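Thank you for asking me to look through this model with you. My comments are set out as numbered points, so that you can follow each one with the structure open beside you.

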Amino acid sequence: MRHRFALFSGILLSAAALTGVAIHRSAIDTTAVSDEPAKATLLIPAAAAAERRYPRVPADTTSTAQLLARVETALRDPGTAPEDLPDLGHQQQVIYRVLSKQPTRSAAVVAALPQRWRSVAERHLAARREFLRMARGRGPTTLPAWRIIQPEPAEQLLKHYRKAEAATGIAWEVLAAVNLVETGMGRIDGVSVANAQGPMQFLPTTWNQAGVGEGDIRDPHDAIQAAARYLVRRGGLQDIRQGLWGYNNSDYYGRAVLLYASLMEEDPRAYTGLYHWEIHFNAADGDLWLPVGYAQQQPIAVREYLKHHPGSRPPE
């Protein structure tokens, strides 16, 4: 077992922790989200998410803890059917999203978990709350001009992360966590208002620095290798927190990334659940799920979108 994230000893039990856009800090702050609804909209086909449903979270503590323990176990079980993993990952994600906003309830759920899962849950909640601390004020009333696409297969992305680690020394778990919080491991296809692009959200000016970007800024392989080189340039080999500060000037961001990285460093099978997390958006009307197939050429009013896709809202 490698222990590259010893710095977590002081923050793993933190009550503080995550984000405005499902998992994505950069997307919250830099992607075009205006208050002007689109005049013309391109809505996802009704069939695109018809077979997937917004996961429910039980109302009582015991049932929530039991469900979470079953989900965490199944996500790490090599015998779990591959076709079951997307719903399991989404269920895991939604449980932590719901609990992160309810400190009293979340503490009770964690206490009811088997010992094996308590530290796991605490770190998930801490990471989530770090991103919530980054978001300020009321959520937006419009949804962004994004496409949500299917990411590269988990095994292929893992090869990219490990190749970058071998070439630079930056831990693959850190690269996976950055990819997760930037674009949901490549699910968000869009250009930010600051012109950040691709699955690792590079500014072209940064990409074009000598020794950073090579190849295609939108290609997962090329972007992951570039992210590792950039983290090295920003001091990540000496202090990964310093490198992450160079990637995003926020201590909240760095702590959240390293919390997710610690889960994968402790148990690489934790990657399976994180890979299957979906794109959620903290809007004024609540937490909305934007499934693969969502495609907007312009921002769209949340309420207009929900008229066509009521299943994007948490079930009553």
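This is a predicted model: local features need pLDDT of at least 70, side-chain atom pairs count only at pLDDT 80 or more; totals for chains, interfaces and linings use all residues.

1. The protein has 13 helices and six strands, and of its 316 residues, 54% count as buried. Among contacts between residues at least 6 apart in sequence, 74% join residues at least 24 apart.

2. A helix pair to look at is α4, which covers residues 103–112, and α5, which covers residues 115–134. Two packed helices are described by the angle between their axes and the distance between the axes. For α4 and α5 the angle is about 160° and the axes are 9 Å apart; because angles over 145 degrees count as roughly antiparallel, α4 and α5 are roughly antiparallel to each other. On the α4 side the contact is made by Pro103, Ser106, Val110 and Ala111, and on the α5 side by Arg118, Ala121, Glu122, Leu125 and Arg129. The crossing of α4 and α5 is right-handed.

3. Another pair consists of helix α7 (residues 172–183) and helix α9 (residues 220–233), whose axes come within 10 Å and cross at roughly 115°. That angle makes α7 roughly perpendicular to α9, and the crossing of α7 and α9 is right-handed. If you wish to find where they meet, look for Val174, Leu175 and Asn179 in α7, which touch Ile224, Ala227, Ala228 and Leu231 in α9.

4. How many of the residues of strand β4 are buried? In this strand, which runs over residues 279–283, five of five residues are buried, so that the strand is mostly covered. Ile279, Phe281 and Ala283 point one way from β4, while His280 and Asn282 point the other way, and all are buried.

5. Strand β4 is joined by five bridges to strand β5 (residues 286–290), and the two run antiparallel. Together β4 and β5 form a hairpin, with two residues between them. As an example of the pairing, His280 has Trp289 in β5 as its bridge partner.

6. Asp189 deserves a careful look, and it can be found in strand β3, which covers residues 188–189. Its relative accessibility is 14%, and because buried means under 20%, Asp189 counts as buried. The side chain of Asp189 makes a polar contact, at 2.5 Å, with the side chain of Arg218. Leaving aside residues up to four places away in sequence, Asp189 touches Trp146, Arg147, Ile149 and Arg218.

7. Is Lys159 buried or exposed? This residue has its place in helix α6 (residues 154–168), and with a relative accessibility of 56% Lys159 counts as exposed. Lys159 and Trp172 are 13 residues apart in sequence, and their C-alpha atoms are 9.3 Å apart in space.

8. Most residues other than glycine have a negative phi. Asn195, although it is not a glycine, has a positive phi of about 80°, and Gln201, also a residue other than glycine, has a positive phi near 50°. Asn195 is partly exposed, with a relative accessible area of 35%, whereas Gln201 is buried, with a relative accessible area of 13%.

Key:
Residues are numbered from 1 along each chain as its sequence is written. Side-chain values use heavy atoms; hydrogens and water are left out. Helices (H or I, at least four residues) and strands (E, at least two) are DSSP runs, numbered from the N terminus. Buried means under 20% relative accessible area, exposed over 50%, partly exposed in between (1.4 Å probe, protein chains only). A polar contact is a pair of N or O atoms within 3.5 Å; within protein, one must be able to donate a hydrogen and the other to accept it, and residues adjacent in sequence count only if both atoms are side-chain atoms. Contact means heavy atoms within 4.5 Å. Two strands pair if DSSP finds at least two bridges between them. Axes are lines fitted to C-alpha atoms, for helices over the stretch in contact, and angles run from 0 to 180 degrees between N-to-C directions. Angles under 35 degrees count as roughly parallel, over 145 as roughly antiparallel, 65 to 115 as roughly perpendicular and the rest as oblique. A crossing is left-handed if the near helix is turned anticlockwise from the far one by less than a right angle, and right-handed if clockwise.
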